[in-house]
Amino acid sequence: MAILKFSASAVAAQIAHARACKTFLPNWNGPIDRPALILIVGNGVHLRSNGIDGTTTRIVTTEQADPSFAFADGMNPIRDTDWMAQRRIAFRDLTGQFYTDILDDVQVLIDRGQGTIRLATDGHSIRVFVRRASDYLIGGTYEVPSGLGGTFRVILKDACDTFAIVQNCGNCEDFDAMQPYRVPLDALMEIDDRRAA
């Protein structure tokens with residue numbers, strides 16, 4: 001998993017553009033009737049509005065970068081000399097347009113005064129990444145999705161910006177005997193957090 005960081009003000013400008021438009025770029029399933037953000041992985045990595053207002057004729061921006069788009073930190077071909085290596089770390093050899101479903105969640109963070117928007121990607125999916133490693137208590141008890149349809153209760157051993165090292169604790173004996181393992185940081189749930197696993 002890679003974390004992409006964007007300037008909140010640049011993303012806010014793209015959201016404002018999308019909301020000001022009446023027509024939108026289609027996705028793979030056909031026409032779209034609402035504003036959204038598109039993640040472009042090509043000549044750099046950037047978020048852009050899906051709105052069409054006649055100011056540009058380019059839909060896919062893999063040949064030329066537009067400085068008005070919201071570029072991910074370190075992946076701006078106009079400013080960053082090693083942007084291609086950074087893009088490859090995050091997306092391997094994938095390029096193209098990724099229609100996202102994050103506009104409303106990102107708007108909430110912007111409205112709260114967040115200066116940086118962080119998105120998590122595994123190369124195929126993009127989601128808003130709100131919490132940081134410092135938000136979690138080392139030695140604290142959390143739940144993580146088990147992969148079996150439920151959750152495991154775990155003790156947090158260590159955490160970085162993207163992953164946590166956890167040890168099962170308080171489950172059945174066989175599961176608690178497992179070695180510590182790594183989970184995405186945003187998979188950690190407070191014990192009273194009732195979001196779906």
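In this predicted model, A8, V11, A12, I15 and R19 of helix α1 meet L103, D104, V106, Q107 and I110 of helix α3. Sorted by class, that contact holds 7 nonpolar, 1 polar and 2 charged residues.

Now for the geometry of the pair. Helix α1 covers residues 8-20 and helix α3 covers residues 103-111; their axes come within 10 Å and cross at roughly 130°. Angles over 145 degrees would count as roughly antiparallel and those from 65 to 115 as roughly perpendicular, so α1 and α3 are oblique to each other. The crossing of these two helices is left-handed.

Helix α3 also turns up in the next feature, the largest pocket, where α3 supplies the largest share of the lining, with 3 residues. The volume of this pocket is about 240 Å³. Its lining is made of 13 residues, and the closest to the pocket centre are R34, P35, A36, T100 and D101. By class, the lining divides into 6 nonpolar, 2 polar and 5 charged residues.

Here are the two sets of residues by class:

If you have the structure open, the α1 and α3 contact can be found through residues including I15 and I110, and the pocket centre through residues including R34 and D101.

How values were computed. Residues numbered from 1 in each chain as written. Predicted model: local features only at pLDDT ≥ 70, side-chain atom pairs only at ≥ 80, totals over all residues. Heavy atoms only, no water. Axes fitted to C-alpha atoms, helices over the stretch in contact; angles between N-to-C directions. Helix = DSSP H or I, 4+ residues; strand = E, 2+ residues; numbered from the N terminus. Parallel < 35°, antiparallel > 145°, perpendicular 65-115°, else oblique. Left-handed = near helix turned anticlockwise from the far one by under 90°. Contact = heavy atoms within 4.5 Å. Nonpolar A, V, L, I, M, F, W, Y, C, P; charged D, E, K, R; others polar. 1 Å grid on protein atoms, 1.4 Å probe; cavity = no way out; pocket = protein on both sides within 12 Å on 5 of 7 lines; lining within 4 Å. Points joined across faces, edges and corners; volume = space filled by probe spheres on them.
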